[in-house]
Amino acid sequence: MKAASALALLPVLAVQAVRIIQGNDDGWAELYVRSFNDALNAAGHNVVLSGPAENKSGSSSRDEEPKDRTEACEYSSCPAKSGPFGANSTRPDLNWVNSYPVTAIKYGINTFGPKLWSGKAPELAVTGPNVGTNLWVQVPFSGTVGAACYAAHTAKIPAIAFSGASSGNLAWNTSPVPTRSLVYAELATILVNHIVDSGKPYLPDDVFLNVNFPKVEGKCTKASDFKWVLTRINPGVLSAPDVEWCGDDRLPTETEVILGGGCHISVSIGDAKDKTTVNDDRQATVLAKLKDILVCV
């Protein structure tokens, strides 16, 4: 997707452009991450992508120094015998690392980003959208979530992990770009802009947002069809009460919302230390930032 077409999708440009490091676990050349990259750039942000050279789904928080590649990257997006990491020949902001998602985003934070940003650090980290959901029991195993938690916990950069229920891996240069990829990119950019425009600190310390989009199908085919719902990652049977919202002190789980039908997007406030639900006053801080876009279910 060209940046111009991404711009046409977005309702408004970001009020404030920021430096964003982007990762995923499906690989740097996966279509979802590239559509999102185009949309973020079209919104005015300064984005550096640093993803694994190939699909590393399910790699959790594994971190291993990259080794020289012997074969081409996924979708032939880098040549064989091209070293342990590299960049697109005409886009130095698009980078691959021959290792896991956490390693890749670490290289982006410490090396690729500062090189292009005159030594400055990223202000926000985003991962995904993942091809497929990352809900509750899937969360600890997800490389997309693992990379976001590394950013939020270790690098102390506010982070958002995005995942989409419409599955089917596709190459970066698929044409025409399917609606699901465009809609997920638009929705993810809307949330990024909202968080950025809410002001710093964008998220509390050690917090990441775990965002899951339902399938793009039926009555849910345009960004305007979707609604945002505040959720929990894990059930709260033994947890302290949640923040008061929608007349209750227990938020619905992301699994209940995504599997419940409708065009509802789950937004969970995650603890980057253990990938479970934040269950303290940080919930209220995030709720205050998101309240005007949330709905009750």
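C296 is partly exposed, at 48% relative accessibility. Partly exposed here covers the range between buried (under 20% relative accessible area) and exposed (over 50%), with a 1.4 Å probe and protein chains only. The model is predicted, so local features need pLDDT of at least 70 and side-chain atom pairs count only at pLDDT 80 or more, while totals for chains, interfaces and linings use all residues. Residues are numbered from 1 along each chain as its sequence is written, and side-chain values use heavy atoms, with hydrogens and water left out.

C296 forms a disulfide with C246, the sulfur atoms lying 2.0 Å apart. A disulfide is taken as a pair of cysteine sulfur atoms within 2.5 Å. C246 is also partly exposed, with a relative accessible area of 36%. The torsion about the S-S bond of C246 and C296 is about -85 degrees, so this disulfide is left-handed. The pair links distant parts of the chain, 50 residues apart. C246 sits in the loop between β8 and α6, and C296 in the segment after α7. Helices (H or I, at least four residues) and strands (E, at least two) are DSSP runs, numbered from the N terminus.

By the sulfur distance rule, the count comes to three disulfides. C220 and C263 form another, with their sulfur atoms 2.0 Å apart. The link of C220 and C263 is left-handed, with -85 degrees about the S-S bond. C220 lies in the loop between β7 and β8 and C263 in the loop between α6 (254–259) and β9, so the pair ties together parts that are 43 residues apart in sequence. Both C220 and C263 are buried. A disulfide also joins C73 to C78, at an S to S distance of 1.9 Å. The link of C73 and C78 is right-handed, with 80 degrees about the S-S bond. C73 and C78 are both buried. With the bonded cysteines of the protein numbered in sequence order, the pairing reads 1-2, 3-5, 4-6.

The largest nonpolar core holds 45 residues. Such a core is a set of buried Ala, Val, Leu, Ile, Met, Phe, Trp, Tyr and Cys residues joined through side-chain atoms within 4.5 Å. F162, V192, L209, V211, F213 and W228 touch the most other members. Elements giving two or more residues to this core include α2 (31–42), β6 (159–164), β7 (207–213) and β9 (264–271). The largest share, nine residues, comes from α5. F213 touches F162, S163, G164, A165, Y184, L187, A188, W228, I258 and I265, not counting residues up to four places away in sequence. Contact means heavy atoms within 4.5 Å. A second, separate core of 25 residues includes V48, A104, C149 and A161. C149 is buried, at 4% relative accessibility.

A104 also belongs to the buried residues of α3. Helix α3 spans residues 101–116 and bends by about 45 degrees at G108. The bend is the angle between axes fitted to the seven residues ending at a residue and the seven starting there. The helix is mostly covered, with 12 of its 16 residues buried. Among them are V102, I105, Y107, G108, I109 and F112. The buried residues of α3 pack against β1 (19–23), β2 (46–52), β3 (85–87), β4 (94–97), β5 (124–131) and α4 (143–154). After α3 comes S118, whose phi is positive, near 55 degrees.
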